[in-house]
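Dear colleague,

I am passing on a structure that you have not worked with before, and my notes on it follow below. Please read them with the model open beside you.

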Amino acid sequence: MLTVVRRATLSRLLGLLTSSSSSRARTVTAGTRMTSTGCQDRDQKVVPKDEVIRFIEECMRKAGTTLEDARVVGHHLMTADYRGHFSHGMNRMQMYVQDIENRITDPAARPQIITDFQTLRLHLGDLLRHDFQAIALVDGKNGLGQVVGKYCMELAMEKAKKFGIGMVAARGSNHYGICGYYTMMAMEQDLIGFTCTNTSPLMAPTRSTKSGLGTNPLSVGMAACDGDGFVLDMATTAVALGKIELAIRKGENIPEGWALGSDGKVTRDAEEAFKASLLMPLGGAEHTSGYKGYGLGLMVEILCGILTGSHFGPNIRAWKTGDKVADLGQCFMAINPEAFAPGSKDRLTTLLKQLRSLPSSGEKPVLIAGDPERQHMKKVDMDGGITYHPNQLEASEDVAKHMSVRPMKLVPKST
Ligand SMILES: NC(=O)c1ccc[n+]([C@@H]2O[C@H](COP(=O)([O-])OP(=O)(O)OC[C@H]3O[C@@H](n4cnc5c(N)ncnc54)[C@H](O)[C@@H]3O)[C@@H](O)[C@H]2O)c1
């Protein structure tokens with residue numbers, strides 16, 4: 001049954017993304033159809049955050065997860081949409097359901113610690129007692145990425161509170177969503193958070209015409225006073241693939257430095273870039289220092305794939321193929337600022353204020369990483385819910401129908 005949902009829903013979503021001009025016609029057709037069923041009305045409607053979680057939770061339960069894990073995924077995907085990263089929110093649920101249905105992801109798996117201080121001490125006596133207590137290696141057992149991620153970051157935080165720093169690396173994991181979710185878990189407890197993950201190969205390393213690494217995103221964050229903070233959350237490619245999908249949707253060219261075409265040359269054609277799926281590293285071409293992004297992507301791969309023994313680099317399954325397990329590697333760190341010079345939170349607060357008040361080169365003010373997401377969340381709060389693209393709403397309705405889950409209820413915007 002889910003296969004049917006998937007095809008119908010995916011084709012609807014792909015109506016936005018595929019490369020032929022007829023796809024635009026399909027999009028318009030879908031839009032027109034929705035107008036007749038209240039699309040214009042929908043523009044003025046939003047989905048409250050709790051309702052988004054309820055919907056994802058019910059879908060994940062139907063797919064076979066426990067209630068607790070369904071909640072973890074629901075809260076994570078809602079948070080991505082709330083922060084404005086729609087490519088990594090509800091939009092990703094289909095992929096998780098598909099992998100569960102194909103028995104590629106185990107919805108009931110529990111992450112398991114393979115080595116940490118406890119087991120090392122058992123094997124090696126007290127000799128290593130003080131050397132390894134801050135780290136752990138976890139096997140995600142092929143469970144849902146968000147479940148593995150939350151488990152690992154909680155463990156890293158526990159260690160950071162005891163030892164000043166905690167580092168947990170996982171193998172056997174799956175796509176874990178937005179990296180920022182995990183750093184914010186640490187920030188909520190006044191710890192510095194760091195995480196990164198390897199991903200399916202999509203980045204062509206500097207001078208290469210083939211992909212060798214993924215978009216390998218990372219996030220680092222630290223809380224300042226009064227709810228302020230720094231949350232850097234980024235792919236190590238010039239952009240995530242979702243930005244190219246968005247350019248197709250808008251019928252726009254992409255800037256030079258984002259992607260290569262199938263011929264291995266830089267392209268500005270969004271559809272060609274999506275087809276080739278050869279993203280350039282952060283920084284773009286060699287002459288604009290793209291090798292730095294390539295280096296960062298490789299750093300992520302070392303922390304995730306090389307340290308843990310998961311799949312790595314070009315050996316990871318191709319993006320959106322569900323023929324074999326992903327076996328992704330992920331890394332989580334928590335650092336207690338109190339272990340260093342007192343007053344770091346106040347100093348960060350001062351620094352962020354100083355940076356934001358620097359003279360701007362244009363109309364727009366200087367921002368801190370995390371500000372664009374904060375602005376998006378503020379708007380969602382003012383609107384009383386999340387505004388979804390009509391095609392996402394239609395796709396969700398298809399899923400609801402075929403999974404026998406109550407569709408998401410839209411409410412009028414409060415502004
Ligand atoms: N799990 C995965 O496989 C995977 C892969 C790739 C990306 N992602 C996620 O996708 C999301 C989007 O990634 P992205 O690279 O497209 O992010 P992005 O380019 O939208 O933003 C990157 C960072 O730059 C900051 N930023 C944006 N404008 C700024 C400005 N003017 N001044 C200062 N800072 C600014 C943002 O706050 C953010 O921290 C992230 O949440 C990432 O974790 C996940």
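In what follows, an axis is a line fitted to C-alpha atoms, for helices over the stretch in contact, and an angle runs from 0 to 180 degrees between N-to-C directions. Please keep in mind that this is a predicted model.

I begin with a pair of helices. The axes of helix α4, which covers residues 49–63, and helix α6, which covers residues 93–101, come within 10 Å and cross at roughly 10 degrees. Since angles under 35 degrees count as roughly parallel, α4 and α6 are therefore roughly parallel to each other. On the α4 side the contact is made by I56, C59 and A63, which meet M93, V97, I100 and E101 in α6; by class, this contact has six nonpolar residues, one charged residue and no polar ones.

Next comes the sheet, which is open and has seven strands in the order β2-β3-β4-β11-β5-β6-β7, with mixed pairing. The edges are taken by β2 (112–116) and β7 (229–234), each of which has a single partner strand, so one side of each is left without a neighbour in the sheet. From one strand to the next, the twist averages 15 degrees.

Within this sheet, strand β5 (residues 192–197) and strand β11 (residues 328–335) run antiparallel and are joined by six bridges, with T195 standing opposite F332 in β11. Helix α8 (residues 145–163) lies across β3 (135–139), β4 (165–173), β5 and β11, and runs at about 160 degrees to β4.

Conventions. Residues are numbered from 1 along each chain as its sequence is written. This is a predicted model: local features need pLDDT of at least 70, side-chain atom pairs count only at pLDDT 80 or more; totals for chains, interfaces and linings use all residues. Helices (H or I, at least four residues) and strands (E, at least two) are DSSP runs, numbered from the N terminus. Angles under 35 degrees count as roughly parallel, over 145 as roughly antiparallel, 65 to 115 as roughly perpendicular and the rest as oblique. Two residues are in contact if their C-beta atoms, placed from the backbone, lie within 7 Å. Ala, Val, Leu, Ile, Met, Phe, Trp, Tyr, Cys and Pro count as nonpolar, Asp, Glu, Lys and Arg as charged, and the others, Gly among them, as polar. Two strands pair if DSSP finds at least two bridges between them.
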